[in-house]
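The following report describes one protein chain, beginning with a single side chain and widening to the whole fold. Please consult the sequence and the model shown here while reading.

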Amino acid sequence: MGYRGVAADTIMEWNRHFRRDGKFPHPDPYFANGIRPKPKPALFEFFPQAAIDITDFIIKHQDHFTVDMIVEHFNKNMLPALHEEAKELGDESEEKALIDKLMENNPWHWM
């Protein structure tokens, strides 16, 4: 990594930790604090298949992948499918509330 890729404030913070504890802090705060596994976004907790679908999409397109591609795929393909799945669970479900909130904030919902 080298010091050229690190900001001066970061070096100062590392120095403070090292002087205080005699060791550097772990770079992964979840691991350092014993939190395993890392918390998932609520969408993936309610719809675990969505995480698999996104991963498959990324792997399939990794030679030319961009964040815009995944946003478009999620908004145009996955979100409507998740909305249909959530409707089957009933209007009072947490899943439906989450998807409705995502649909409300989705600029693609009218397309």
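His17 counts as buried because its relative accessibility is 17%, where buried means under 20% relative accessible area, exposed over 50%, and partly exposed in between (1.4 Å probe, protein chains only). The model is a predicted one, in which local features need pLDDT of at least 70 and side-chain atom pairs count only at pLDDT 80 or more, while totals for chains, interfaces and linings use all residues. Residues are numbered from 1 along each chain as its sequence is written, and side-chain values use heavy atoms, with hydrogens and water left out.

**Surroundings of His17**

His17 belongs to helix H1, which covers residues 8–21. Helices here are DSSP runs (H or I, at least four residues), as are strands (E, at least two), and both are numbered from the N terminus. The side chain of His17 makes a polar contact of 2.9 Å with that of Glu13 and another, of 3.0 Å, with that of Arg20. A polar contact is a pair of N or O atoms within 3.5 Å; within protein, one atom must be able to donate a hydrogen and the other to accept it, and residues adjacent in sequence count only if both atoms are side-chain atoms. When residues up to four places away in sequence are not counted, His17 touches Gly22, Lys23 and Pro25, contact meaning heavy atoms within 4.5 Å.

**Salt bridges**

Glu13, a polar partner of His17, also forms a salt bridge with Arg16. The structure holds four salt bridges, each defined as a side-chain nitrogen of Lys or Arg within 4 Å of a carboxyl oxygen of Asp or Glu. Three of them, including the one between Glu13 and Arg16, are listed below.

| Salt bridge | N to O distance |
|---|---|
| Glu13 and Arg16 | 2.6 Å |
| Lys76 and Glu72 | 3.5 Å |
| Glu84 and Lys87 | 3.3 Å |

Glu13 and Arg16 are separated by about one helical turn because they stand three residues apart in helix H1. Glu13 is partly exposed, with a relative accessible area of 33%, and Arg16 is also partly exposed, at 40% relative accessibility.

Helix H5 (residues 67–89) contains both Lys76 and Glu72, which are four residues apart, about one turn of the helix. Lys76 is partly exposed at 40% relative accessibility, and Glu72 is partly exposed with a relative accessible area of 36%. Glu84 and Lys87 lie three residues apart in helix H5, and are therefore separated by about one helical turn. Glu84 has 42% relative accessibility and counts as partly exposed; Lys87, with a relative accessible area of 41%, is partly exposed as well.

**The chain as a whole**

The chain contains six helices and zero strands, giving the pattern α-α-α-α-α-α along the sequence. Of its 111 residues, 21% are buried. Among contacts between residues at least 6 apart in sequence, 38% join residues at least 24 apart. The chain exposes about 8,800 Å², and carbon and sulfur atoms supply 57% of that area; accessible areas come from the Shrake-Rupley method with a 1.4 Å probe, and for residues only the protein chains shown count as cover.

**Confidence**

The average pLDDT of the chain is 80, and 89% of the residues score at least 70; pLDDT is the predictor's confidence in each residue, from 0 to 100. Confidence is lowest in helix H2 (residues 29–32), with a mean of 75, and highest in helix H4 (residues 48–60), at 91. Where pLDDT is low, the predicted coordinates should not be read in detail.
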